[in-house]
Amino acid sequence: MDTENKEKVSLACAVLTVSDSRTAGNDTSGNLLAHSLAHAGHQCVRRDIVPDNLYQIRRIVSEWIADPEVQVILTSGGTGFSPRNSTPEAIRVLFDKEIDGFGELFRQLSYAEIGSSTVQSRAIAGYANDTLIFCMPGSNSACQTAWDGIIREQLDSDQKPCNFATQFRRRDAEE
């Protein structure tokens, strides 16, 4: 199979901001992720803001996992170590497979920026029902670090030697 002449894969993505204080008017991390996706040639087909509540987070992410139009979910917020942060607990149980290297690499990259405070990050990623899910901290800096250092390349079908983008079947090929 000739991989050099393949069309770049554009993915249908969803962005979820987990926050008790963010609104559509001040969701800077959600805006950053949505703009980053668009700049990379992907579509943001779903977007929402949810309070840091385990069951509300799980409900929205479950709906998106079940939605055949959503291939990738990016969440920001709720991954810290405070008692209210519950994103990992809400989402980890939904994974068919966990992408262990995401959290490990995120903390390595983050260490260069914030030092030992990175140990309090519980960033995770996984795969469920043909949907990739990346959960990162809610700060703009953390989202930018995750996007620039990991996610952008892994959603790029030209990234070698491997990427997640080419593991998706083209939706128009199925129709």
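Predicted model: local features only at pLDDT ≥ 70, side-chain atom pairs only at ≥ 80, totals over all residues.
Visitor: What does the UniProt annotation "domain: MoaB/Mog" cover?
Guide: The annotation, from an unreviewed entry, covers residues 14-158. In the model that span is 42% helix and 21% strand, and its end C-alpha atoms lie 21 Å apart.

Visitor: Why is H4 called oblique to H5?
Guide: The axes of helix H4 (residues 100-114) and helix H5 (residues 140-154) cross at roughly 120°. Roughly perpendicular runs from 65 to 115 degrees and roughly antiparallel begins over 145. The H4 and H5 angle of roughly 120° therefore makes H4 oblique to H5. The two axes come within 10 Å, and H4 passes H5 in a right-handed crossing.

Visitor: Which residues meet where H4 and H5 are in contact?
Guide: From H4 they are Phe-102, Leu-105, Phe-106, Leu-109, Ser-110 and Glu-113; from H5 they are Ser-141, Ala-142, Thr-145, Ala-146, Gly-149, Ile-150 and Ile-151. The residues of this contact divide into eight nonpolar, four polar and one charged.

Visitor: What makes H1 roughly parallel to H5?
Guide: The axes of helix H1 (residues 28-39) and H5 cross at roughly 25°. Angles under 35 degrees count as roughly parallel, so H1 is given that description relative to H5. Their axes come within 9 Å, and H1 too passes H5 in a right-handed crossing.

Visitor: Which residues of H1 and H5 meet?
Guide: Thr-28, Ser-29, Leu-32, Leu-33, Ser-36 and Leu-37 in H1 meet Asn-140, Cys-143, Gln-144 and Trp-147 in H5. In this contact five residues are nonpolar, five are polar and none is charged.

Visitor: Why are S2 and S4 called edge strands?
Guide: Six strands form an open sheet of mixed pairing, in the order S2-S1-S3-S6-S5-S4. Strand S2 (43-50) and strand S4 (97-98) each pair on one side only, and a pairing requires at least two bridges.

Visitor: What is noted about the phi of Asn-129?
Guide: Asn-129 has a positive phi of about 50° although this residue is not a glycine. Asn-129 lies in the loop between S5 and S6.

Visitor: Where is the cis peptide bond, and what is its omega?
Guide: The cis bond joins Lys-160 and Pro-161, with omega about 10°. Pro-161 is in the loop between H5 and helix H6 (171-174).

Terms used. Residues numbered from 1 in each chain as written. Heavy atoms only, no water. UniProt positions renumbered as here; feature names shortened; annotations may be inferred. Helix = DSSP H or I, 4+ residues; strand = E, 2+ residues; numbered from the N terminus. Axes fitted to C-alpha atoms, helices over the stretch in contact; angles between N-to-C directions. Left-handed = near helix turned anticlockwise from the far one by under 90°. Contact = heavy atoms within 4.5 Å. Nonpolar A, V, L, I, M, F, W, Y, C, P; charged D, E, K, R; others polar.
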